[in-house]
Amino acid sequence: MNMLLNGEWIDRPQRTEVRDPQDGSLVDTVPLASRDDMARALAAAVEGFERMRRMPTHQRMALLHRAADAIASRHEEFARTIAREGIKTIREARKEVTRAIDTLRLSAEEARRISGETIPFDQRPGSENRFGFYVREPIGIIGAITPFNDPLNLVAHKVGPALAAGNAIIVKPHSATPLSALKLAEVLDDTDLLPPGGLQVLTGRGSEIGDMLVTDPRVRMISFTGGRETGEAIMRKVGLKKVAMELGSNAPVIVMPDADLDLAVAANVSGAFWAAGQNCLHVQRLLVHDAIYDRFVPRFVAAAKAYRVGDKLDERTDMGCLINEAEAKRVEAWVDEAVAAGARLLCGGQRTGTFYAPTVLADVPPFCRVMREEIYGPVTVVQRFRTLDEALRLANGVDYGLQAGIFTRDLATALRAAAELHVGGVMVNESTDYRIDAMPFGGVKGSGLGREGVRFAVQEMTEPKVVCFNL
Ligand code: NAP
């Protein structure tokens, strides 16, 4: 595919290969954007923003609804693109496509709800005889940088709200998975409602064109989803602009003695191994009460062993591969480090190329990376606790806080956990890997800044303007 720059689908002599990470087969090629391309895109976005901010609400809604309709009519094609360029199985990819359609429709609907309110200026003595209000205006040019794990829906989470609010947006998708983002741009462009420079997607290196996008003063907001290290590097050089950071986690789930164990096993196995653990909501630390530990853990391990790993396009496959061999080797090294430090491997621990088996570890020393950092692979640690206080302390005892989960039938326990867990979302009787696209989504501590979820992203991508009449 080519890239979308200033309303045109542009080719470049230098192209990058997009390869299927499971077998290295060629999926497609995309142009390698240069710094000159990004300079052109930035100039086009200045014009694009002028056009976008003047576009009537009904037209912005039509743009997003029509794109959603187009994806729905090409659902399987989009799913196969996600499954081939990325790490998801075809069944996982279909769910992502359905969610991306939802994200675009929510964005279209949100466009009509962007409003302000009147301001009672006469609350201050001497300020009588004033009348006024505030409106919410689009912020301007938004730079979006996206990861490989949800190559369609996480792009839709930036593009949908940005266009709904009348912004211009430049997307720099992950180099490994640019095709889903380009296809999203294609359906938006096909509506003939998108002005040149309203949405541009440039395929190139983060360290080159991503860096330019982040540092350019004309860009008013950077919306980044990706790794913490990259996010922190961007924060250091972004300058005076808004920033939304959707970073990773090492999510904890607490299983209390009164939990529904069937539910807890099924939900957490899916939460642990969805997208081969390459998921910011991946269940990484399972904290299990002493009273049920010996009943819960063997069932969890049995379910992990029953997980079918293999060809992503095979309907029977539960879990695919990691994004590249270096990442698979890194996951292997973290597990090996834990085992060398005294951890017990309850299942998994084998790597074949980019595939890593669903892995469960117990008795991991607290200093191991798999306890403190984000593993970003199909590895879950089980840990025994005796009191809720202890579980909450363990859950909170890391420098991440995206979502946490608790399985219990006791309302007081659930409410206490909801109050004490220092995270962006607490899931009761759900794994951490639960989200709808309309809810506020984001983390605290090292997991990020700001919130996505369409309505909340629209708030971040708009700013109030006050109008006051002296009557
Ligand atoms: P990554 O390596 O940080 O890459 C993310 C994006 O940043 C890519 O598009 C990359 O471009 C770009 N980039 C790299 N260096 C850059 C620079 N110097 N300036 C500007 N952009 C730069 O992350 P990833 O491996 O794709 O994603 C994994 C992480 O994302 C995990 O930590 C995961 O938890 C997190 N995540 C968070 C959420 C959430 O909503 N909280 C959702 C999904 C994933 P290139 O590909 O060209 O290098």
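Helices (H or I, at least four residues) and strands (E, at least two) are DSSP runs, numbered from the N terminus. The exercises below use this numbering on a predicted model.

**Exercise 1. Find which element gives the largest share of the lining of the largest pocket.**

Step 1. Start with the space itself: the largest pocket holds about 1,100 Å³. Its lining is made up of 43 residues, and the closest to the centre are His 174, Gly 226, Gly 227, Arg 228 and Thr 230.

Step 2. List the elements that each supply at least two lining residues: α7 (206–215), β10 (219–225), α8 (228–237) and α11 (325–340).

Step 3. Pick out the main contributor. With six residues, α8 provides the largest share of this lining.

**Exercise 2. State where the largest pocket lies relative to domain 1 and domain 2, and why.**

Step 1. Note the domain bounds: domain 1 covers 3–247 + 447–470, and domain 2 covers 251–437.

Step 2. Check the origin of the lining. Both domains give residues to the lining of the largest pocket, so this pocket lies between them.

Step 3. Sort the lining by class: 18 residues are nonpolar, 13 polar and 12 charged.

**Exercise 3. Describe the second largest pocket by its volume, its lining residues and the domains they come from.**

Step 1. The volume of the second largest pocket is about 420 Å³.

Step 2. Its lining has 20 residues; nearest the centre are Arg 99, Trp 274, Asn 279, Asp 433 and Arg 435.

Step 3. Two or more lining residues come from each of α4 (90–111) and α5 (153–164). The largest share, four residues, belongs to α4.

Step 4. By class, the lining of the second largest pocket contains seven nonpolar, five polar and eight charged residues.

Step 5. Domain 1 (3–247 + 447–470) and domain 2 (251–437) each contribute at least three residues to this lining.

**Exercise 4. Work out the strand order in the open sheet that contains β6, and identify its edge strands.**

Step 1. The sheet has three strands in the order β5-β6-β24, with antiparallel pairing.

Step 2. An edge strand here pairs on one side only; β5 (117–118) and β24 (462–470) both do so.

Step 3. Turn to the pairing of β6 (residues 130–138) with β24: the two strands run antiparallel and are joined by nine bridges.

Step 4. Locate one facing pair. Tyr 134 stands opposite Val 466, which belongs to β24.

Technical notes
Residues are numbered from 1 along each chain as its sequence is written. This is a predicted model: local features need pLDDT of at least 70, side-chain atom pairs count only at pLDDT 80 or more; totals for chains, interfaces and linings use all residues. Side-chain values use heavy atoms; hydrogens and water are left out. Two strands pair if DSSP finds at least two bridges between them. On a 1 Å grid over the protein atoms alone, a cavity is a set of points where a 1.4 Å probe fits but cannot get out, and a pocket is an open set with protein on both sides within 12 Å along at least five of seven lines; lining residues have an atom within 4 Å of a point. Grid points are joined across faces, edges and corners, and a volume is the space filled by probe spheres set on the points. Ala, Val, Leu, Ile, Met, Phe, Trp, Tyr, Cys and Pro count as nonpolar, Asp, Glu, Lys and Arg as charged, and the others, Gly among them, as polar. Domain bounds come from an automatic or database domain assignment.
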